[in-house]
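Biologist: I have not looked at this one before. Could you walk me through it?

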Amino acid sequence: VGLYNTMIRIYDTQTDSLLRILYGHTQPVTALEVLNGNYLISGSNDTSLIVWDFVSGLIIREFLPNLGEIKTIRILNSTSKIFVEIFLLKKKMKYK
(Lines give C-alpha, C1' and ligand atoms only; values in the text may rest on other atoms or scores of the structure.)
Protein backbone atom coordinates (compact mmCIF):
# COMPACT_ATOMS: atom_id res chain seq x y z
CA VAL A 1 0.00 0.00 0.00
CA GLY A 2 1.52 3.33 -1.06
CA LEU A 3 0.66 6.22 1.19
CA TYR A 4 0.34 9.97 0.98
CA ASN A 5 2.84 10.27 3.84
CA THR A 6 5.71 8.82 1.68
CA MET A 7 5.71 5.31 3.21
CA ILE A 8 4.91 1.94 1.66
CA ARG A 9 3.31 -0.62 3.95
CA ILE A 10 3.66 -4.33 3.21
CA TYR A 11 0.91 -6.58 4.60
CA ASP A 12 0.42 -10.33 4.81
CA THR A 13 -2.74 -10.82 2.75
CA GLN A 14 -3.82 -13.91 4.69
CA THR A 15 -3.53 -12.47 8.21
CA ASP A 16 -3.81 -8.73 7.38
CA SER A 17 -0.79 -8.17 9.64
CA LEU A 18 1.75 -5.48 8.84
CA LEU A 19 5.06 -7.07 7.75
CA ARG A 20 7.20 -3.99 7.19
CA ILE A 21 7.23 -0.32 6.26
CA LEU A 22 9.45 0.91 3.42
CA TYR A 23 10.98 4.39 3.60
CA GLY A 24 12.70 6.05 0.65
CA HIS A 25 10.42 8.59 -0.99
CA THR A 26 10.14 12.22 0.06
CA GLN A 27 6.71 12.87 -1.51
CA PRO A 28 3.51 10.78 -1.70
CA VAL A 29 3.85 7.31 -3.27
CA THR A 30 1.61 7.26 -6.34
CA ALA A 31 2.51 4.05 -8.20
CA LEU A 32 3.42 0.47 -7.22
CA GLU A 33 4.18 -2.60 -9.32
CA VAL A 34 5.42 -6.07 -8.30
CA LEU A 35 8.20 -7.52 -10.45
CA ASN A 36 8.86 -11.30 -10.55
CA GLY A 37 7.26 -11.74 -7.14
CA ASN A 38 10.49 -10.72 -5.38
CA TYR A 39 10.76 -7.03 -6.18
CA LEU A 40 8.58 -3.98 -5.81
CA ILE A 41 8.92 -0.87 -7.96
CA SER A 42 7.52 2.35 -6.53
CA GLY A 43 7.04 5.78 -8.07
CA SER A 44 6.34 9.02 -6.34
CA ASN A 45 5.52 12.69 -6.69
CA ASP A 46 9.18 13.28 -5.77
CA THR A 47 9.97 12.06 -9.36
CA SER A 48 11.96 9.05 -8.11
CA LEU A 49 11.54 5.41 -9.05
CA ILE A 50 12.76 2.86 -6.46
CA VAL A 51 13.31 -0.88 -6.90
CA TRP A 52 12.92 -2.72 -3.58
CA ASP A 53 13.72 -6.24 -2.46
CA PHE A 54 10.21 -7.28 -1.44
CA VAL A 55 11.36 -9.69 1.29
CA SER A 56 14.12 -7.71 3.01
CA GLY A 57 12.71 -4.24 2.36
CA LEU A 58 16.10 -3.00 1.11
CA ILE A 59 16.47 -0.55 -1.77
CA ILE A 60 18.08 -2.32 -4.74
CA ARG A 61 18.26 0.68 -7.05
CA GLU A 62 16.95 4.23 -7.19
CA PHE A 63 16.33 6.24 -10.33
CA LEU A 64 16.00 10.00 -10.15
CA PRO A 65 14.85 10.99 -13.64
CA ASN A 66 13.48 14.34 -12.40
CA LEU A 67 11.00 14.46 -15.28
CA GLY A 68 7.87 14.99 -13.25
CA GLU A 69 5.53 13.28 -10.85
CA ILE A 70 5.21 9.54 -11.58
CA LYS A 71 1.59 8.43 -11.80
CA THR A 72 1.68 4.87 -13.21
CA ILE A 73 4.27 2.11 -13.62
CA ARG A 74 3.87 -0.73 -16.11
CA ILE A 75 6.27 -3.66 -16.54
CA LEU A 76 7.05 -4.60 -20.15
CA ASN A 77 8.82 -7.95 -20.40
CA SER A 78 11.21 -8.57 -23.24
CA THR A 79 13.13 -11.76 -24.02
CA SER A 80 16.33 -10.55 -22.38
CA LYS A 81 15.47 -7.31 -20.59
CA ILE A 82 12.75 -5.87 -18.43
CA PHE A 83 11.52 -2.42 -19.32
CA VAL A 84 9.69 -0.17 -16.92
CA GLU A 85 7.33 2.27 -18.51
CA ILE A 86 6.37 5.19 -16.33
CA PHE A 87 3.60 7.61 -17.03
CA LEU A 88 4.09 11.16 -15.92
CA LEU A 89 1.55 13.92 -15.98
CA LYS A 90 2.48 14.86 -19.57
CA LYS A 91 5.19 12.41 -20.71
CA LYS A 92 5.76 8.70 -21.16
CA MET A 93 9.30 7.29 -20.67
CA LYS A 94 10.90 3.84 -20.70
CA TYR A 95 13.77 2.65 -18.48
CA LYS A 96 15.68 -0.62 -18.63
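Modeller: Two strands pair if DSSP finds at least two bridges between them, and strands themselves are DSSP runs (E, at least two residues) numbered from the N terminus. By that rule, S3 and strand S4 (residues 39-44) pair in the antiparallel sense over six bridges, and Leu 32 stands opposite Ser 42 in S4.

Biologist: Which strands form the open sheet, and in what order?
Modeller: Four strands form it in the order S3-S4-S5-S6, with antiparallel pairing. S3 and strand S6 (59-63) stand at the edges with a single partner strand each, so one side of each has no neighbour in the sheet.

Biologist: Switching topic, which residues make up the largest nonpolar core?
Modeller: A nonpolar core is a set of buried Ala, Val, Leu, Ile, Met, Phe, Trp, Tyr and Cys residues joined through side-chain atoms within 4.5 Å, where buried means under 20% relative accessible area (1.4 Å probe, protein chains only). The largest has nine residues, including Ala 31, Phe 63 and Ile 75. Strands S3 (29-35), S5 (49-53) and S7 (70-77) each supply at least two residues of this core, and S7 gives the most, with three.

Biologist: And how confident is the predictor, by mean pLDDT?
Modeller: This is a predicted model, in which local features need pLDDT of at least 70 and side-chain atom pairs count only at 80 or more, while totals for chains, interfaces and linings use all residues. Residues are numbered from 1 along each chain as its sequence is written, and side-chain values use heavy atoms, leaving out hydrogens and water. The mean pLDDT (the predictor's confidence in each residue, from 0 to 100) of the protein chain is 80. Among its elements, strand S9 (residues 92-95) has the lowest mean, 52.

Technical notes: Buried means under 20% relative accessible area, exposed over 50%, partly exposed in between (1.4 Å probe, protein chains only).
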